[in-house]
Amino acid sequence: MRFSPRTLTTASLMAGVALLSLPGLAFAGAGEPGHGHAAIGEPAKASAAKRVVQVELGDNYYKPESLSVKAGETVRFVLKNKGDFLHEFNIGTASMHAAHQKEMAMMVEHGMLTPTGINTSMSGMDHSKMGMAGMKHDDPNSVLVGPGETKELTWKFTTETALEFACNMPGHYESGMVGKVAFTR
C-alpha cells in the first residue's frame, strides 16, 4: 500500500495527539519562559543581518536541509511554505525541540492549531483551565508559516552550540522535518 505525504502527515498528527492524551504525560515547558534562548542566541532586527537565507518549507522537509553560520553572525531567514500544512521554523537544541513538541501537541489537542493553520478565535481564551496558562506561540526563535505564506525570522547566533532548526507540529520532526545548524569559523 502506498501512502501520500498528506496521508502520512495526517496520520503522524493524529498519533502525536493520541500520545499526549495518555494519562501521566506532563506538559513540558510550562513555567519556563523563553526556554533558555540566551544559550542559543537572540532575536535581531532584519537590518542587522548581513546575510539572507531563503528556506522552503514543504510537507515534512526543508530546503536547504542544513545551515552553516558563524558565531556572532546575524541571519535573516525568509521562510516560504510550499506545502499544504502549517509548518514551523524553530531554532533550538534537541532538548528544546522535545519540550516544544509537547506544547505544540497540546495546542493542537485544544484546537489552538490545526493541521493547516492557527485558530485565531482561540487567542483570547483563558487557557488556564486546560493546564495551558499563558500558552502562546510567540517565542522569538520560532515562527509558524501557513500554507502559501512567507514569513521572516532574524536571529543572531551568539555562541557555538549544537543547534537544529525544526518543525514541532505533531509528527513533523519525527517525519524528518529537522536540519542541523553547523558553525564555521
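This is a predicted model: local features need pLDDT of at least 70, side-chain atom pairs count only at pLDDT 80 or more; totals for chains, interfaces and linings use all residues.
Residues are numbered from 1 along each chain as its sequence is written, and side-chain values use heavy atoms, with hydrogens and water left out.

Arg-185 has a partner: Glu-160 forms a salt bridge with Arg-185, with 3.2 Å between the closest N and O atoms. A salt bridge here is a side-chain nitrogen of Lys or Arg within 4 Å of a carboxyl oxygen of Asp or Glu. Glu-160 sits in the loop between strand 10 (150-157) and strand 11 (163-166), while Arg-185 is in the segment after strand 12 (178-184), 25 residues apart. Glu-160 itself is partly exposed at 41%.

Another salt bridge joins Lys-180 and Glu-164, whose closest N and O atoms are 3.1 Å apart. Lys-180 belongs to strand 12 and Glu-164 to strand 11, so this pair ties together parts 16 residues apart in sequence. Lys-180 is exposed at 54%, whereas Glu-164 is buried at 6%.

Now step back to the whole chain. It has two helices and 12 strands; these are DSSP runs numbered from the N terminus, helices being H or I with at least four residues and strands E with at least two. Of the 185 residues, 45% count as buried.

Next, look at strand 2 (residues 51-58). Seven bridges join strand 2 to strand 5 (residues 73-81), and the two run parallel; strands pair if DSSP finds at least two bridges between them. In this pairing, Gln-54 stands opposite Val-78. Strand 2 also pairs with strand 3 (residues 61-63), this time antiparallel, over three bridges. Those two form a hairpin with two residues between them, and Asn-60 in the turn has a positive phi of about 75°.

Finally, head inside. The largest nonpolar core has 32 residues, and Phe-77, Leu-79, Phe-89 and Phe-157 have the most contacts inside it. Such a core is a set of buried Ala, Val, Leu, Ile, Met, Phe, Trp, Tyr and Cys residues joined through side-chain atoms within 4.5 Å. Helix 2 (residues 94-109) gives the largest share of this core, four residues.

Technical notes:
Buried means under 20% relative accessible area, exposed over 50%, partly exposed in between (1.4 Å probe, protein chains only).
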